[in-house]
Amino acid sequence: MKKKRHGFIIVVSLTLMLVMMTMGIGLYYSTKQSSEMVGKSITKSDSFYSAESCIAEARIWLKTQSASGAPCKNTASGSLCHSVSSARMSKWQLNSENQILKNRAQNQKYECTIALLGQVAYEGGEGVGFDVGEGSGYGAAATNTKYMYRIRSQGSLNSASGVDSFLSQVEVIDSMIF
C-alpha cells in the first residue's frame, strides 16, 4: 500500500505543476495585453495634449496680435490667416521633469490653423440679468465689433516614438471684441 501512495504523490504534484504553469502563462498574456492597452491610452493622451498645446499657442498669437487691432481683420471670412506648428513639444517641458517625460515630449508634435470666421456688431456694456448691454443714454450702448476665429488643431506622435501613432484633432471657436 505504501508503494501506491508514492506514485499518487508524483501524479498530484505533476498535475498541480501543470495547473500552476497554465495559470502563469495566462497571467503573462493578460499582463501583456493590459500593458499594450495602457500604452495606447498614454499615446492617445499625449496626442490630445499636443493638440491642446497648439490651441494655447494659437491663443497666445491672437492675444499678441490684438495689441495693434483685430488679428486677420483684412482676410476674407473663412480663410486661413495664420498657422502654428511645432516638430517637438520640448519647448513646453519643465526643467524638473524626469528624462522619460522629456523623451516623450521629444516625440510629440502639433500643428494648427487660425481662420477668421467673421465679424458681428456687439452691443456690450454693463448690467445685470436681462439688462446686460443696455445703455442708459439715448441710442443704448456703444456698438463694438466682435471677431470670431476658428482654431483647428491636431496633435500626434513622431514615427520615431516606437508606438502606434495616434492623431487627435481639436477645434475651438474663439472671439475678441474691439
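Biologist: How many aromatic pairs does the count come to?

Modeller: The count comes to 3 aromatic pairs. Bear in mind that this is a predicted model.

Biologist: What makes the pair of Tyr-28 and Tyr-29 edge-to-face?

Modeller: Ring centres must lie within 6.5 Å, and planes over 60 degrees apart count as edge-to-face. The centres of Tyr-28 and Tyr-29 are 5.1 Å apart and their planes stand at 70°, so the pair is edge-to-face. The rings of Tyr-147 and Phe-178 have centres 5.9 Å apart and planes at 70°, so that pair is edge-to-face too.

Biologist: Which parts does the pair of Tyr-147 and Phe-178 tie together?

Modeller: Tyr-147 lies in strand E3 and Phe-178 in the segment after E4, so the pair ties together parts that are 31 residues apart in sequence.

Biologist: Why is Tyr-147 called buried?

Modeller: Buried means under 20% relative accessible area. Tyr-147 has 7%, so it is buried. Phe-178, at 35%, counts as partly exposed, because that class runs between 20% and 50%.

Biologist: What is the sense in which E3 and E4 pair?

Modeller: Strand E3 (residues 143-157) pairs with E4 in the antiparallel sense, over 10 bridges. Lys-146 stands opposite Ile-177 in E4.

Biologist: Which side chains of strand E4 point to the buried face?

Modeller: In residues 168-177 the side chains alternate. Ser-168, Val-170, Val-172, Asp-174 and Met-176 point to one face and are buried.

Methods:
Residues numbered from 1 in each chain as written. Predicted model: local features only at pLDDT ≥ 70, side-chain atom pairs only at ≥ 80, totals over all residues. Heavy atoms only, no water. Buried < 20%, exposed > 50% of the residue type's maximum accessible area, 1.4 Å probe, protein only. Helix = DSSP H or I, 4+ residues; strand = E, 2+ residues; numbered from the N terminus. Pairing = 2+ DSSP bridges. Phe/Tyr/Trp six-rings, centres within 6.5 Å; stacked < 30°, edge-to-face > 60°.
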